[in-house]
Each structure stands twice: as structure tokens, then as C-alpha cells.
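Please look at the structure below.

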Amino acid sequence: MTVPALAQRRAAEAAPPASRRPWRDDLVGWTFAAPFVILFGIFLAFPILASFVLSFTSFGLKDLANPVGSTVVGLKNYVDLFSDPVFWTALFNTFYFVIVGVPLTLVFGLLIATALNRGVSRFRTVFRVGYYLPVITSIVAIAVVWRFLLDPDVGLINMALGGLGINGPAWLADPVLAMPSIIAMAVWRNLGFAMIVFLAGLQAIPAMLYEAAAIDGAGRWQGFRYVTLPMLRPTILFMTVITTIGYLQLFEEPFVMTGGGPLNKTLSITMYMYQQGFTFFHQGFASSIAYVLFVIVAFVAFLQFKFLRSDE
Amino acid sequence: MLQPLSTSRRSSRARSRPFRFAAILAGVGLLVAACGTNAGSTAPGGSASQAAGSQAPAVSPAASVGGTLTVWAMGNEGVKLKDLAATFMKDNPGTTVNVTPVDWGQAVAKLTTAIAGHQVPDVSQMGTDMMGQFAATAALETVPATFQASTFFQAAWNTNIVNGTVYGVPWYVETRLLYYRTDIATKAGISTPPATWDDLMTMATAMKSKGGATWGIGLGAKNWQEYLPFLWSNGGDVMDAQGKFQLNSPQAVEALTFYESFFKAGLTPKSVPANFDITPAFVAGTHPMFFSGPWHIGLLKTAGGAGFDAKWALAPMPKKVTATSFIGGGNLVVYKDSKNKDLAWKFVQYLTDPKTQVAWYADVTDLPAVQAAWDDPTLKNDKNVALFGQQLKDTKAQPAISTWSELATALNGTLEKMTSGTLDPKAAADEMQKEAETIGVGK
């Protein structure tokens, strides 16, 4: 968004007084902005609007070839959704994933960033690359590999446990352990991104602040508590919001690893939406799920901004 | 209540952040579709009205029809169909058949996208369990009367009938038999395959206690395809003749009780990881019995290596009231938007000719859906394949209703609750019935 918008603004700023053909400058601006505006319109604005309209219809299989014929059902999809026990299960699972997963990701990301910033200087690049690699690796590939790792009979984790004399559980097939297993994988995968962002944040903190704190008698922990954390507050806010929004859209991990099972214990909201929309072809109903998820994401992001900014 | 809408989205599959991108693709697809097609080419209102609407073209094999066909086929069929298409083109000068292979994982998405965009192939393969859904899109042509139901296995033909109209022709079939380890059975003191339900239970128990296997049998903890044969064999069914669900009939409760007893007795694992592969487990001998289709013959040959062939055998479905197994496979459908329907049906006729069916079996080992093809020695003389042929005479399929994928998911969910011990069989049957009534049969 920034580049064309900026170009447009610059063009506008550079424009001479109105008498000298402003339409031409406008045209230049719009030409620069056009690729974005057109793509945004076709690929984002239109579908977003269309799915909003859809959420008030019973659009499904029979309307595929003739969408204009679908029936308007008002708020029925939303009423059905809130009385659907599977929806509440999926909502619970998603929040379980977010509430446990987001703090773990941020804490581990911050710990590793701090360690890399201060302690380990020799192989910093190696570690940075190592932690970041999972972020850029295809999530499906990762999920498949983790499925092997977590295999109850031939998986590396249970073989290691077996070597210690522990009979490892069926991680992904156990209703209690399935979600924690997925959280562990997601945290491992995403802490690299948190680390990179925190590292950038840490390096932006002037060294003199620590020196001043040290002169005042602050130890390492106090330096962290009273210098690092307050200085990182904007970074933490950013990471919390970004990670929460990402985690609320949990999909690939359970889709590849568990298919939502066992007993729907890893069925996320997005998976439920996918199932309704593209397996059962209740696309009107699925659109209503999308909008409920949208409202939830917006509300959570709003809360986080409010809460984390309150001290400023 | 019938107010028209101007916009809409339809399906498309995208892997990551699926919904948004799918919605986007869909939106564009519709725009294109709206611009590119003549309005009013399809009438809304579902499948009921179209039986009368489309007149069946009279296809006689002798008629020479030229032109171009586009055919979509999935998986291995999509790769190999070119061979048959080449023969067809040779036999029918002036015709061109373009075969497009479609990945099974993308099949539903690709077909629904094509239907929404009015960019359908002339002919496509379709899973027997997809018929209800796709008939509901009103995009399929009615099968002309030149195709005789009696030519095919009855249960295979029936998968094509939705609300009384025939929308497809069976192409190939598969059914499920019992694979069991003969060496472990011998060790357990059993020399004959299980003929009845009681035999099956006795055998599973003995294989675990005396045969040295970890489990007695490997049953699906959440797989309707493995449960339904027990329901059918006990005289029950998903729906009665009037189309009313009867998933909590006494027969169903009894079948569920029997199915559950293997889990309760620890004869089969209660929790099975997603994507669990039974093949290596069967070769290793931890799971000495399982129900599966003909594809496992080849898989076992590869996984078992030399000498393993002597260690296993096939047995028909064990009998209760009947010995009914599940039938699946692929059908062939012709689309209403096809520009060359006569040639399309001619191609379908060619593919379902007994001779072609035998050639097709030789090429890709798909079992013929046409009964006459089974008289050929290549099928008759293979002991294992012949057993599948026998079983095919007593098979049933899921009802061809548009809501089947949803109902199947619900059945799997309830089965999982039962096999994991959360629900007893009676409660599971009641839950299945309730779910089915809520989901309904679609329109």
C-alpha cells in the first residue's frame, strides 16, 4: 500500500499551483496508484463485500451455477451458528491455542533475542538463521515432519522416551495432548519471527541507558526489568497483536496433522469455516463464520491496543 | 423470501489462509463467469425439475459423431486414460479427446469452480460419494436410456440415482474384503477364514491371545465406510425406502454394539493417529486383520517383499443376516454445458464396453463395473480378484444425497465418541439419528 500511496502523495505535494494543469498530476498519481487500487478492489474489497452479502443467504451447491438465485435468509445463519455446539468447540479450541500459544511464543522469542543480543556473540548469525529457518519453511512440510516426530510407534520423540524407559503417548491421537502438541509445534515455528523483531527492538535501545542504570546500581535483571521491557513496549505490543491475529486463524497445523480430531479437540474456527464452505458447501453459513471471526479478531486487537498502551 | 442476489462466492481451494484467498478467487471467477455466459442457461430450483427439462439424446453406437471432447479424470485414472482416448480417436476418425488429469485432492474444488464459471469439461470422472452433491448443482446431464442398469453391478448403478434421476454411469468399482494373516491364524489355531460375525470375534481374540499379535484386528475408530457394512449385514440401512433415516434402528444398535466390542475388549486400538498406515502394521504382524479394497493387494506386494504372499489371504465379509460390503469407485458424468453431448455419451459408452473394461483392468487394475467383463479369464483366474468379484454382488453404497459429506463427517464424529468410550452404542445410534435428521437430505 505504501509505495503507490506515497507516490501519489509526493506527486500531489510536488504539484504546482492549481492553474497549471492539475489534472495531469492527478492522472500521474492515479496511474501509480492504479495497480494497487484495481487489485485491492477485485481481490479484496469485492470478495469481502460479497461474502458479507452471502452471510445473509443460504448460498450453497444448488446456487453454484446461478448465484443470483440464492435465497435471502436474513440472520438465520448467525442464529444457527450460535446454537451450533461445534462452533463453540471450535471457538474454545482456537482461544486455547491463542491464550497458551501467544505468551509462549513471545516469552521464548524475547528470551532468545536477549540471549543473542548479549550473551552469544560468536555464532550470532548461525543462531539467528537457525531460529528463523522454520518461519520461512513451508508450514505443510513442517507439519508433515512433526507428524512423523510425534508418531506414537515409530516417532523420534517416543523412541527417545522409550530409551529412557518411558512409554510415550499417542501425542496427536490423544484428546488431551493433541492441542498441546500442536501448540508446541506452532511456538517452535513462530518464535523465530518474534526473535528477529525483538532483536531489532533490543538493538535500538541506546547502550547509555544500561550504563546509566548500572551506575545507579542496577543488576542484569533490573536492567532488563526497568530498561529493556519499557523500551520494548511498542515492539511487544506489535508482536502481541500480530501473533494473536495470526494464531486466531489457526488452520494448516491441525489440517495437516490431525484433521481437527481427535474428537474435534483441535478443530479451529478457520478449519470449521473451511469444512462448512468447501466440504459441505454451505457457503452462506461459512461466510457468517468468517464475519464472526472478523469481529472477534477486531475486538481482540482493539483490547490489546487499549490494554498495552494504557501506560503511555 | 425468494429474493435474487447479485453477488456470490463459490468454492476454490487454497492452502494457506484459505478462506480469504478462496473468496477472492471465487469473486473473480464469478465476475468472469457473469460476463462470459448467456444468462438463463440454467434454471434454479435444484435437481427435481431437470429430469423433465433435458431430453436424452439417442445415442446409437453406429452413428458417427465428430468433434472435440475434454475429459477430466482424477488420480491414476487421469494419467492412464490417455491410452484409451487414443484408441477411441483411432476408431472414430475426426474426433479429438483431450484428457486432463486432476489431482484427487483438488477434484471437488476444481469441479465446483468449473461449474460456477460455466467452464466445465464435457465428461468427467466422479467419485461415487460425490454424486449427491454434484447432482444438486444441476450441472449434470441425465443419462440416456441407451445405458442399461442391468449391465452394471446394481449397487454401483444406484450410486448414480439422485431423487429418482440417473446422472452418471459406473466406470470402475471397488469393494472391501477382510485381509488376514494366515500364518498368525494358524498359530492361533484357526485354519478357515471367518464366515460369521462370531467367527470374526473368535479369530481376533485368538490372534491376540494365542497368535502373538499386538492387536486382534485393525478397525477404523472413526470411519463410516467400515461401520456401514456391519449395519447392512445386520439388515439395517442408513435410510428406509421412503427416504427416512433409520440410524438408530435395533439393527443399527446391534451392529454398533458388535463394532464397539472389538474396542472394548482391547482387540483393536482405540486411538488411531490421523493418516495411520495399516500396510506396514499388517506386514509387521501387529494388526493381523483389516478391511480394505483391492488396492491393498498391490500395496502388500510392495511392502511385504518376497515370500509375504504366502502369509496372507482374503476373505469375504463375515455374515450376519447378509454378508454385505461397501461399494465405492468412480462414475462418469456428462455436463449440461457440454457442446458435444452425443460424442460425450459415445465416449462413455466406449469406456463402459466390456472389452474396454477388461483392457482398463489390465492397464490400471481398476475393477470393471460392467458385470460381463468379469467373464474374462484375466479377472476370473486371479484368485484374489475373483473374490472381489464375488463380493461385488452383495454390496451397498452410501445414499446419494447432497448432504452426504456432512452426514459422513457427523457419523465419523459419533463413531469416534463411541470407540473411544465416551458414548455407548445406543446413545451413539441416537446421536447419529439426531444428527442425520438435523442435517437432512438437502434439496
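In chain A, 12 residues of domain 1 touch 12 residues of domain 2, where contact means that the C-beta atoms, placed from the backbone, lie within 7 Å. This is a predicted model, in which local features need pLDDT of at least 70, side-chain atom pairs count only at pLDDT 80 or more, and totals for chains, interfaces and linings use all residues. Residues are numbered from 1 along each chain as its sequence is written, while chains are lettered from A and ligands numbered from 1 in the order in which they are written.

**Domains of chain A**

- On the side of domain 1 that touches domain 2, α2 (22–54) and α3 (76–82) of chain A each supply at least two residues; helices (H or I, at least four residues) and strands (E, at least two) are DSSP runs, numbered from the N terminus.
- The most comes from α2(A), with three residues.
- That side of domain 1 of chain A holds five nonpolar, six polar and one charged residue. Ala, Val, Leu, Ile, Met, Phe, Trp, Tyr, Cys and Pro count as nonpolar, Asp, Glu, Lys and Arg as charged, and the others, Gly among them, as polar.
- Domain 1 of chain A spans 2–77 and domain 2 spans 79–309, with bounds from an automatic or database domain assignment.
- Taken over C-alpha atoms, the centres of the two domains of chain A are 33 Å apart.

**Sheet in chain B**

- Three strands form an open sheet in the order β8-β7-β9 (chain B), with antiparallel pairing; strands pair if DSSP finds at least two bridges between them.
- At the edges are β8 (289–292) and β9 (312–315) of chain B, each pairing on one side only.
- Strand β7 (residues 177–181) of chain B is joined to β9(B) by four bridges.
- Tyr180(B) lies opposite Ala313(B) of β9(B).

Technical notes: Two residues are in contact if their C-beta atoms, placed from the backbone, lie within 7 Å.
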